[in-house]
Amino acid sequence: MRAAEYGIPFMPMMSIKGSDEMNLLHPEFKPMIDPFTGKKIVLVPALEPDVGIVHVQKADIHGNVKLLPPYVADVLFMRAAKKVIVTAEEIISEEEMIKEGPTIPYYHITTVVHAPYGAHPTACYPYYAYDRAHIAEYFAAASAGAEEFKAKYLDKYVFGVSSQEEYLQKIGGKERMKRLESWKESREKWMELYTYE
Amino acid sequence: MSEKFKVTLDELFVYNVAQTIQDRTTVFHGVSSPIPMTAMYFAKLTHAKDMVYFGGVASSVDPNPPFLPPTTNDWAMIQGRTAMVTVDKIFDLAQKEYTRLKGGQQ
């Protein structure tokens, strides 16, 4: 993906040593002799996603994005993908964005969607912590097989809702959201969320 | 004289992983790795005070979390950190052989 970000066809890697396992897992990787040092290197082809969908804390209408840690490879996704859909907790004004300082500028972003609680059931700090009880429900349904998962989870939370508002009602509405936001009240409240089932 | 006491399997794992960490080394754990995370933090608080600790995919150098969360990528893991280094940069360091990957994924 770094190669896609740089606009180059592949990335030479030193940390991957060519092996039978590598050939089996990644037949697309190619070993090569570095023409400068004569050392063995492995070439990894660029991975350029057609579309990247990334949930962020703040965006403005132009597509400037303010991303707060802990993020993982989100900035890399946004730079590597051909098109980027950003869903944001908050849409802020251009003036506010200038004050905040965007993490990534608008020309990387194709479209912005205002989606409060768009990261649920995972966390989007500082707004809300992750929903441990909901993830447990998801896990139980997913572990029961494809049919059970469709009946118990997808039909209820994905196909069975017509809007984000309806989804938020289904997951427990304001009461649940207030609980997920309670992490910032105190350390004890925060820790409680991790034992809440 | 040795004293007998009970430990859980998790505690035993944490202790043994911590023993593999030497002071002044650089360590990193991945996501969903509470045992390596606890072991690294334990090592840093005991025999490896000068180890460089990358707080997993939370991108933190030497974080000082208010508590250890069950997920290893959490707002808690960015508290009190010295610097932010995103995970792709940590892999760059590993490639340069500056990082000795310890613990690993559960």
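In this predicted model, Ile33 of chain A stands opposite Lys40(A), a residue of strand S3(A). The two strands concerned, S2 (residues 30-33) of chain A and S3(A), pair in the antiparallel sense over four bridges. Together S2(A) and S3(A) form a hairpin with six residues between them. Within the turn, Gly38(A) has a positive phi of about 80°.

Strand S3 (residues 40-45) of chain A also pairs with strand S1 (residues 10-13) of chain A, again in the antiparallel sense and over four bridges. Here Phe10(A) has Pro45(A) of S3(A) as its bridge partner. Strands of a sheet pair through backbone hydrogen bonds, either parallel or antiparallel.

A further sheet in chain A is open and consists of four strands in the order S5-S4-S6-S7, with mixed pairing. Its edges are strand S5 (65-66) and strand S7 (111-114) of chain A, each of which pairs on one side only. Strand S4 (residues 51-59) of chain A pairs with S5(A) in the antiparallel sense over two bridges. In this pairing Lys58(A) stands opposite Lys66(A) in S5(A).

| Strands of chain A | Bridges | Sense |
|---|---|---|
| S1 (residues 10-13) and S3 (residues 40-45) | four | antiparallel |
| S2 (residues 30-33) and S3 | four | antiparallel |
| S4 (residues 51-59) and S5 | two | antiparallel |

The domain assignment divides chain A into domain 1 (2-45), domain 2 (51-114) and domain 3 (132-193). Between the C-alpha centres of domain 2 and domain 3 of chain A the distance is 25 Å.

How confident is the prediction? For the complex, the predictor gives an ipTM of 0.80 and a pTM of 0.86. Chain B has a mean pLDDT of 85, and 90% of its residues reach 70 or more. Over residues 102-106 of chain B, however, the pLDDT is below 50, although this stretch has 17 contacts in the model beyond near neighbours in sequence. Where pLDDT is low, the predicted coordinates should not be read in detail. In chain B, confidence is highest in helix H1 (residues 9-19), at a mean of 95, and lowest in helix H3 (residues 87-95), at 83.

Definitions and conventions. Residues numbered from 1 in each chain as written. Chains lettered and ligands numbered in written order. Predicted model: local features only at pLDDT ≥ 70, side-chain atom pairs only at ≥ 80, totals over all residues. Domains from an automatic or database assignment. pLDDT = per-residue confidence, 0-100. Contact = placed C-beta atoms within 7 Å. Pairing = 2+ DSSP bridges.
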